[in-house]
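Subject: Model handover

Hi,

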Amino acid sequence: MPRKEQGWVTFQTSEEERKILEEFCEHSQRTKTEILRELVRSLNQHSLPPTQQEKQEDVYIQKSDIESSIQKKSLKVSSRNILKGVIKRVVYGAVNSEVTLEIIHKVELTSIITRASAEELELSEGKEAYAVIKSNDIVIARE
């Protein structure tokens, strides 16, 4: 049976487009298939095809626009020790950041994570986050 009849969709992309997709997959920790399925499903939200003017305005779509249009999956973690808290303090360093969560009144956990991770998670004082404890490491996560 031909691939088309089996539900396969294939298309050619430029090297730049492949690189963007691969970086997005790595960044979001999802497969190309998952990303493309979500993009195709999001097309249902648009009942009318865009006008010529809308097409011209949408020519330069930023990666962040694509990220915001894709719903992120809920957090699933293999660690059993997950404590919800509120970020009490974030101290950004050149490479690492120190994140302190208040789990309950006067009970705090502090973790050192990369600055890039702290920025990616958009950590700031007052936001809810999770301490994920595996062995002697404390990992910070957000929904």
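Where does E122 lie? E122 sits in the loop between α5 (115-120) and β4. Its phi is positive, about 55 degrees, although E122 is not a glycine. E122 counts as exposed, at 52% relative accessibility. For the cut-offs, buried means under 20% relative accessible area, exposed over 50%, and partly exposed in between (1.4 Å probe, protein chains only).

Some ground rules. This is a predicted model, where local features need pLDDT of at least 70, side-chain atom pairs count only at pLDDT 80 or more, and totals for chains, interfaces and linings use all residues. Residues are numbered from 1 along each chain as its sequence is written, and side-chain values use heavy atoms, with hydrogens and water left out.

Overall layout

The protein chain has five helices and five strands. Helices (H or I, at least four residues) and strands (E, at least two) are DSSP runs, numbered from the N terminus. In order from the N terminus, the elements read α-α-α-α-β-β-β-α-β-β. Of the 143 residues, 18% count as buried. The accessible surface comes to about 11,600 Å² (Shrake-Rupley method, 1.4 Å probe; for residues, only the protein chains shown count as cover). Carbon and sulfur atoms hold 50% of that surface. Contact means heavy atoms within 4.5 Å. Among contacts with a separation of 6 or more, 44% join residues 24 or more positions apart.

The helix pair

Helix α1 (residues 15-28) packs against helix α2 (residues 32-42) at an angle of about 100 degrees. Their axes are 9 Å apart. Axes are lines fitted to C-alpha atoms, for helices over the stretch in contact, and angles run from 0 to 180 degrees between N-to-C directions. The two helices are therefore roughly perpendicular to each other (65 to 115 degrees; under 35 is roughly parallel, over 145 roughly antiparallel, the rest oblique). From α1, the contact uses L21, E22, F24, C25 and S28. From α2, it uses K32, I35 and L36. These residues divide into five nonpolar, one polar and two charged. Here Ala, Val, Leu, Ile, Met, Phe, Trp, Tyr, Cys and Pro count as nonpolar, Asp, Glu, Lys and Arg as charged, and the others, Gly among them, as polar.

The core

The largest nonpolar core has 10 residues: I87, V99, L101, I103, I113, A118, L123, A129, A131 and I140. Such a core is a set of buried Ala, Val, Leu, Ile, Met, Phe, Trp, Tyr and Cys residues joined through side-chain atoms within 4.5 Å. Strands β2 (96-104) and β4 (128-134) are the elements that give two or more residues to it. The largest share, three residues, comes from β2.

Which residues does A118 touch, leaving aside its neighbours within four places in sequence? They are Y92, S97, I113 and L123. S97 lies in strand β2. S97 is buried, with a relative accessible area of 1%. With neighbours within four places set aside, S97 is in contact with V91, Y92, S111, I112, I113, T114, R115 and A118.

Other spots to check

K106 also has a positive phi, about 70 degrees, and is not a glycine. K106 is placed in the loop between β2 and β3 (107-114). Is K106 buried or exposed? K106 is exposed, with a relative accessible area of 69%.

T110 is in strand β3 and counts as partly exposed, at 40% relative accessibility. T110 and A131 are 21 residues apart in sequence. In space they are 8.9 Å apart, C-alpha to C-alpha.

Best wishes
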